[in-house]
Amino acid sequence: MRKIVLVFCLAVVVFSCKSKKHVVTKKPHKRTEHVARKQEPAEVEKHQEPEVAKPAPKVFASSTEEYIYNYHETAQQEMALYGIPASITLAQGILESGSGKGRLSVEANNHFGIKCHGWKGAKIYHDDDADQECFRKYKDAKYSFRDHSLFLSERSRYSKLFDLKKEDYKGWAKGLKAAGYATDRKYPDKLISLIERYKLYLYDEAVLGDKYVKYEMPTVQSGHTYTVEKGDTLYGISKRFNLTVEQLQKINGLRGTALSIGQVLVVEP
């Protein structure tokens with residue numbers, strides 16, 4: 001009996017000792033917790049820069065409008081430096097380069113069909129009036145525009161163009177044909193049509209500013225005569241009325257090219 005009691009007592013003691021033990025939960029280290037928080041996606045997103053929306057690409061109704069958009073500033077810069085109307089430069093570029101889609105403009109950046117003529121730079125060969133003619137090749141289109149300005153301003157046969165008013169795009173168009181820039185009889189009409197259709201004369205106005213005066217084609221007065229106005233030249237008047245300077249001199253008995261304001265000229269043979 002004593003043995004039973006002794007075993008019972010020992011069991012009670014062991015059970016009471018076990019009941020005093022507690023489960024200990026280990027807390028995470030503070031540094032470990034801080035690092036873990038740094039790596040949470042929500043925290044990272046807070047520091048990201050907001051995305052800037054990209055502007056939608058400009059849409060053009062035609063390749064000609066795109067050409068004008070791309071090169072009107074270049075044409076205006078050339079006008080400011082060399083005095084060639086931006087409207088004329090743009091119209092010639094559109095016509096000569098096929099609005100920038102022609103082979104010479106695509107492969108050689110040549111927008112004005114200028115042939116080699118002693119050119120020392122890179123060249124390209126292209127069928128034109130004859131097979132495989134030599135044309136100038138440029139690294140960038142802007143050099144083609146500059147060469148066009150130099151081509152007109154440095155050759156004596158184009159010198160009379162610079163006597164015309166900058167607003168007189170019709171006189172410039174006809175003068176280019178008369179000076180031999182193109183062989184196409186309709187070349188002036190094509191340039192004028194482009195200028196008026198796309199309002200290229202507005203780029204001339206932007207360059208000239210307050211000096212710009214909208215140019216009106218003079219009308220033939222009674223008796224087929226024209227009265228000279230300020231800024232007129234014999235060459236300019238001859239082009240307006242589809243005459244040569246020699247014809248105008250002959251029918252008016254003029255020996256030189258000097259004119260005076262108010263002078264009346266006969267403008268029909």
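At what angle do helix 5 and helix 8 (residues 169-178) pack, and how far apart are their axes? The two helices pack at an angle of about 50°, with axes 9 Å apart, in a predicted model whose local features need pLDDT of at least 70 and whose side-chain atom pairs count only at pLDDT 80 or more, while totals for chains, interfaces and linings use all residues. Residues are numbered from 1 along each chain as its sequence is written, and side-chain values use heavy atoms, with hydrogens and water left out.

**Helix 5 with helix 8**
- The angle of about 50° makes helix 5 oblique to helix 8, where angles under 35 degrees count as roughly parallel, over 145 as roughly antiparallel, 65 to 115 as roughly perpendicular and the rest as oblique; axes are lines fitted to C-alpha atoms, for helices over the stretch in contact, and angles run from 0 to 180 degrees between N-to-C directions.
- Ser-87, Ile-88 and Gln-92 of helix 5 meet Tyr-169, Trp-172, Ala-173 and Leu-176 of helix 8, contact meaning heavy atoms within 4.5 Å.
- By class, this contact of helix 5 with helix 8 has 5 nonpolar, 2 polar and no charged residues (Ala, Val, Leu, Ile, Met, Phe, Trp, Tyr, Cys and Pro count as nonpolar, Asp, Glu, Lys and Arg as charged, and the others, Gly among them, as polar).

**Helix 5 with helix 9**
- Helix 5 and helix 9 pack at about 110° with their axes 9 Å apart, which makes helix 5 roughly perpendicular to helix 9.
- Their contact draws on Ser-87, Ile-88, Ala-91, Gln-92, Ile-94, Leu-95 and Glu-96 of helix 5, and on Tyr-187, Lys-190, Leu-191, Leu-194 and Ile-195 of helix 9.
- The contact of helix 5 with helix 9 has 8 nonpolar, 2 polar and 2 charged residues.

**Helix 5 with helix 10**
- The axes of helix 5 and helix 10 (residues 201-208) come within 7 Å and cross at roughly 145°.
- Ala-86, Ser-87 and Leu-90 of helix 5 make this contact with Tyr-201, Tyr-203 and Asp-204 of helix 10, and its residues divide by class into 4 nonpolar, 1 polar and 1 charged.

**The largest pocket**
- The largest pocket is lined by 28 residues, of which Glu-96, Gly-113, Lys-115, Asp-128 and Tyr-181 lie nearest its centre.
- Helix 5 (86-97), helix 6 (103-108) and helix 9 (187-197) are the elements that give two or more residues to the lining of the largest pocket (helices are DSSP runs of H or I, at least four residues, numbered from the N terminus).
- A pocket is, on a 1 Å grid over the protein atoms alone, an open set of points where a 1.4 Å probe fits, with protein on both sides within 12 Å along at least five of seven lines, and lining residues have an atom within 4 Å of a point.
- The lining of the largest pocket divides into 10 nonpolar, 9 polar and 9 charged residues.
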